Amino acid sequence: MALNNLERYAAVVDRTVFFGTLAAHPGAVGLLARLFGSSQFLADALRRRPNLLAWLLEPPTMRQWLADDLEADLAQTLAPFAAREARMNALRRFKYRQLLRIASRDLLGDADLTVTTEELSRLADACLAEAWRLADATLRAQYGAPLDADGAETGLAVIGMGKLGGDELNYSSDIDLMFVYGADGETEGGSEGRIANGDYFARLGREIVALLESVTEEGYAFRVDLRLRPEGRMGPVVLSLDGYRTYYAERAELWERQALLKARACAGDERVGARFMELVRSVVYRPGVDASIVGAVRGMKHEIDRHLKEKGGGNVKLGRGGIREIEFLVQALQLLYGGDDGWLRERTTLKALFRLTERGYLAPGLGHALSEAYVHLRTVEHRLQILHEFQTHTLPDDADELGRLARRVGVGGSPARAASEFFAERPAPRSRRVRVPSLLALQATGFRDPERARHNLRLILEGRPLVPYEAALGRAMERLLPNLLDAVWQSPDPDEALNQMERFLAAVGPRAGLIELLAGDAAVLGGLARLCAGGDLLTQLLITQPELVTALADPRAWERPKRARDFRAALAPVFAPGLAVSEQRDRLRQLKQAEELAVVWRYLLGVTDIDGYSREMTALAEATLTAGMLLALGPLVERHGVPRTADGRFIPAVIVGLGKLGGRELTTGSDLDVFLTFSKDGETDGAERIEAHTFWSEAIERLAGALGDITAAGVAFPVDLRLRPGSKGSGFASSVPAAERYYAEYGDLWERQTLTRSRICWGDARLARRIRAMIRHHAFGAALGPRGLKEIAEVRTRMELELGKETPGRLHVKFGRGGLVDVEFLVQALQLKHGAEHPEVRRAATIAGLAGLARAGALAPDTERELTEHYRFLRRVSAGLRLLSARPPDTIELAGPMPARVATALGLASRDAFLSEYRRRTTAVRAAYTEHVG
C-alpha cells in the first residue's frame with residue numbers, strides 16, 4: 001500500500017524535485033512511509049495537493065496548533081473567496097490539509113491520543129464557527145438581526161455533544177450538535193421582511209448543517225447528528241434557553257443528563273453559550289448520591305449489548321470491554337459524585353479517569369489499567385478509521401486485513417504474525433533492567449535532597465501517574481537514564497537539573513524519537529542538563545517548545561555564532577501575512593526565545609566565550625528592536641501618516657543604545673537602555689495629524705510595550721527609557737536641538753558618563769552621524785578634572801553601600817567591592833579625562849575602552865591586560881548567576897549552594913577554589929580602581 005501510494009504520488013510531481021526533497025529532509029521518507037502505508041484517503045488528499053508535502057516538512061507545521069492558530073489559518077484560506085460555493089470548497093480544503101498535519105503527527109508519534117483528539121475537535125470548532133458566520137450573515141441580510149422582547153439583539157450558540165464536546169473527536173466522527181438561542185422575539189427586518197426568532201434560528205441551524213454536510217467537488221466537511229436534542233428526531237431543530245430549561249426540568253431522562261456531561265459551547269454567540277452551560281451544570285450535577293443511577297446506566301449498557309449481539313461482535317467501541325464500557329463507568333461515577341465534588345466535572349474521559357483516581361473513587365491500579373486500555377482502544381479505533389475515512393468501529397474478519405490493522409497500531413512483524421499478536425494476552429510488566437540508585441548513592445554523588453532526586457528518577461523512568469509510557473518510550477527511557485545521571489551529576493546543580501529535566505521530559509510526552517536522540521548524544525544531553533540546572537528561566541522555553549531540542553541537536557544550528565542579519569532573518573516570520581497584532585507580538589517572543597536558547601546553548605557548549613555570547617545576545621536584541629519598531633510604527637503611520645517638515649521632507653529618528661546594549665555586553669535577562677532622538681520639529685501628513693514630537697514619543701513608547709509587555713508568550717526584552725535626555729514630563733523622545741540644549745544646560749556628570757557607552761542601534765544613517773557628533777561633544781568635549789573624578793568616586797561608593805550591600809556572608813559581583821562596576825567606572829572616568837585628546841579611548845565596550853586607554857598611555861599595558869582578564873572573569877560569574885537563576889541577580893550567598901554551582905559552571909575544582917579566585921581578582925580590581933579614580 002505504501003509503495004503503491006508512493007508511485008502514484010511520484011507520478012503527479014516533478015520527480016527531480018521530489019527526490020531532492022527526500023534527500024534534503026531526513027524526516028520526509030519516514031513521514032511518507034507512515035502516511036502512505038496507513039491511510040488511503042490521506043494519501044489521495046496529498047496526491048491531489050502534492051505541494052502540501054513541503055508544508056508538512058516545515059517545522060512550524062508539525063507542532064500542536066491551538067484554536068487561534070487554526071482560526072488564523074482558516075481566515076487566510078478563505079480570504080480570497082467571496083462566493084458561497086467557493087468558500088465551501090476552501091473550507092473543505094482547509095479541513096483535509098489540517099487532517100494531513102494532525103494525522104502525520106499522530107502516526108509519527110509526535111502527538112499522543114489526547115493531543116490528537118483535541119486538535120481534531122478544534123478543527124471541527126473552526127469549521128463550525130465559519131459555517132455559523134456564513135449562515136448568520138446570509139440570514140441577517142434577508143431578515144435583519146434577531147431581537148428579544150426588550151429590543152436587544154440575541155443570538156444562537158452551537159453546542160457540541162459526544163466526542164466533539166469532550167474534545168475526543170475521531171478521524172471520521174459525526175459531530176453531535178444541539179442549537180440554542182437566547183430568547184424569543186422577532187427580527188428587525190431585511191430584504192425579505194421579518195420573521196419570528198424561532199423560525200430565524202431554525203433556518204440558521206439547518207443552513208449550518210447544510211454548509212457542513214453538502215458534498216462539493218472537494219468533498220464534505222463534517223457529518224452532523226442532531227439526535228441528542230430534546231425529543232430526538234421528533235423534536236424541533238432549535239430551542240430557546242427557556243425552552244431547554246422547561247424541557248430539562250419536566251421531561252429530561254437520565255440518558256439525557258448523561259449526554260450533557262460532554263456538552264460544550266463550540267461556536268456561535270458566546271453569551272448564549274455561557275448561559276446554556278450554566279443550565280447544563282444545574283441539570284447534570286445534583287447534590288447527594290442517587291443510588292438508582294448505577295442501575296439505570298447498567299440498563300442502558302445492557303440495551304446496547306443486546307442490539308450489538310444482533311449485529312455480531314468485534315466492535316471496539318460498543319463490544320464487551322470496549323470504549324463505551326469505560327466511558328459509561330466514568331460517566332456513572334461523575335453523575336453519582338459530581339454534584340458534591342466539583343473536581344469530577346470534566347468532559348474528557350482520560351482526564352476524568354485521572355481525577356476519579358486522584359480523588360479515590362477508583363483504586364490507583366484500576367485507574368491506571370483503565371487509562372491504558374482506553375488509550376489502546378481509541379488508538380485501534382483511530383487506525384480503523386484513518387484507512388478510508390469510514391465511520392467504522394468493527395475489527396476486520398480477514399486475517400490479512402487484521403494484520404495490517406495491527407501493524408498500523410504498532411504491532412511488529414508480518415501481517416500474519418501481527419494479527420496473532422494483536423489478540424495475544426499481554427505479559428505482565430517485566431521488572432526494569434535499570435534500577436534507581438539508592439538514597440545513600442544519590443547523597444554520595446552530590447544530591448542535597450536524595451529523596452526528591454529518587455522520586456524524580458522514578459517519574460522519569462516510569463512516567464507520571466495515569467500517563468503510562470508505551471513500550472517503545474519506556475525502553476528509550478531505560479536507555480536514557482544512565483546517561484542522564486552522568487549529565488546531571490556533572491551539571492552545576494544536580495538537584496535542580498534533575499527536577500527541571502523531569503518537567504521537560506514530562507512535557508515531551510510520547511515522542512520516543514526525542515528521548516532516543518538525548519540517549520544517543522552526550523553533548524546535547526550534557527548541554528540540556530547544564531541548561532536545566534539554571535532552573536525555570538530557560539527550561540520553561542523548552543517546556544513550551546520541546547521541539548527546539550531537535551534543532552539544537554543539529555550541529556549546523558549551533559556550531560557557528562550568528563550575526564545581526566541572521567537574527568533578522570530568523571525573526572522575519574513575525575511579519576507573515578494574516579497575523580493579528582497580538583499574534584505578531586507572541587510570535588516575536590517565541591522566535592526571540594528560540595534564538596536566545598541557541599545563543600545560550602553555544603555558550604554552554606563552549607562554542608562561544610563570554611564576549612561572543614554577549615555579542616550574539618546584543619545582535620539578537622538589535623534584531624528584536626528593529627522588529628519591535630516595525631510593529632510600533634505600523635499603526636501610527638496608518639493613522640497619522642509620517643512626520644514631515646514644513647517643506648515636506650521626512651523627519652527621521654535614531655535609537656541610541658546605552659549601558660550593556662551600547663557596549664554589546666548583554667546577557668540573558670538584561671534590559672535594553674535606549675532613548676530616541678529625531679531630527680527636527682514638524683507634523684505628520686496623515687488624516688489625523690500630530691506633531692513629530694508626539695509621533696516619535698508614541699513610537700518609542702509603543703516599542704517598549706511591543707517588547708516588554710507580558711503576554712502569554714512571555715517577554716521579548718524589557719525596555720528602559722529613563723536615561724533619555726529631558727525631564728520626565730517632556731515625553732519619551734526629543735529633537736536634536738532639544739537634546740543639545742538639554743545636555744548643554746542641564747546635563748549632569750552621570751549623564752556624560754552614561755554617554756560613554758552609547759551606540760546608534762536603529763534609524764537614519766545621516767542623522768546618526770549628527771547624533772554621534774553631539775554625543776562626542778557632550779561626553780568628550782572637555783577633559784574631566786579632579787573634581788569630576790571625585791564625584792564619580794563618591795557615586796561609586798554610594799552604589800557599593802546602597803546597591804551592593806555586601807556582608808561577610810554575601811557578595812555582589814556587579815556593585816560589590818572590586819566588582820564589575822569598579823572596572824566600568826575606572827574606564828569611563830579615564831575616558832572622560834582623556835577622550836578629548838585621544839579619540840582611540842572613545843569606545844562603548846569596556847574591554848575595547850581598556851585597550852584604547854592603554855594605547856593612549858592612560859593605562860600601563862600590564863594593568864590593561866590584567867583588568868581585561870579580571871573583567872571577563874567577573875562577567876562569566878555574572879552570566880553564570882543569571883543562567884543559574886540567582887535571586888537577586890548578581891548576588892552570591894556564601895551559606896547557600898550558589899558558590900559551588902558557579903564553581904562548576906566556570907570549570908573550577910571546588911567552592912573554595914572559586915571563592916579564592918573571586919577574592920583574588922576583586923582585590924586586584926579594587927586596587928587598580930583606587931589608584932586611578934580614588
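Predicted model: local features only at pLDDT ≥ 70, side-chain atom pairs only at ≥ 80, totals over all residues.
1. Two packed helices are described by the angle between their axes and the distance between the axes. In this model, helix α29, which spans residues 564–571, packs with helix α31, which spans residues 610–640, at an angle of about 45 degrees. Their axes lie 8 Å apart. The two helices, α29 and α31, are therefore oblique to each other, and their crossing is right-handed.

2. The residues that bring α29 and α31 together can be listed from each side. From α29 come Ala-564, Phe-567, Arg-568 and Leu-571; from α31 come Glu-616, Ala-619, Leu-620, Ala-623 and Thr-624. Sorted by class, this contact of α29 with α31 comprises 6 nonpolar, 1 polar and 2 charged residues.

3. A second pairing involves helix α37 (residues 786–804) and helix α38 (residues 820–834). These helices pack at an angle of about 165 degrees, and their axes are 11 Å apart. Angles over 145 degrees count as roughly antiparallel, and α37 and α38 are therefore roughly antiparallel to each other. The crossing of α37 with α38 is right-handed.

4. On the α37 side, the contact is formed by Leu-789, Ile-792, Val-795, Arg-796 and Met-799. The contact of α37 with α38 holds 8 nonpolar and 3 charged residues, with no polar residue.

5. The next points turn to empty space. Rolling a probe the size of a water molecule over the atoms shows where empty space is left. The structure contains 9 cavities of 30 Å³ or more, and the largest cavity has a volume of about 80 Å³.

6. Which residues line the largest cavity? They are Ala-45, Arg-48, Arg-49, Leu-52, Arg-92, Arg-93, Tyr-96, Arg-97 and Glu-218. The elements that contribute two or more residues to this lining are α4 (40–48) and α7 (84–107). Of the elements, α7 gives the most to the lining of the largest cavity, with 4 residues.

7. A reader may also ask how many residues of each class line the largest cavity. The lining has 6 charged and 3 nonpolar residues, and no polar residue. Among the charged residues in the lining are Arg-48 and Glu-218, while Leu-52 is one of the nonpolar residues there.

Terms used
Residues numbered from 1 in each chain as written. Heavy atoms only, no water. Axes fitted to C-alpha atoms, helices over the stretch in contact; angles between N-to-C directions. Parallel < 35°, antiparallel > 145°, perpendicular 65-115°, else oblique. Left-handed = near helix turned anticlockwise from the far one by under 90°. Contact = heavy atoms within 4.5 Å. 1 Å grid on protein atoms, 1.4 Å probe; cavity = no way out; pocket = protein on both sides within 12 Å on 5 of 7 lines; lining within 4 Å. Points joined across faces, edges and corners; volume = space filled by probe spheres on them.
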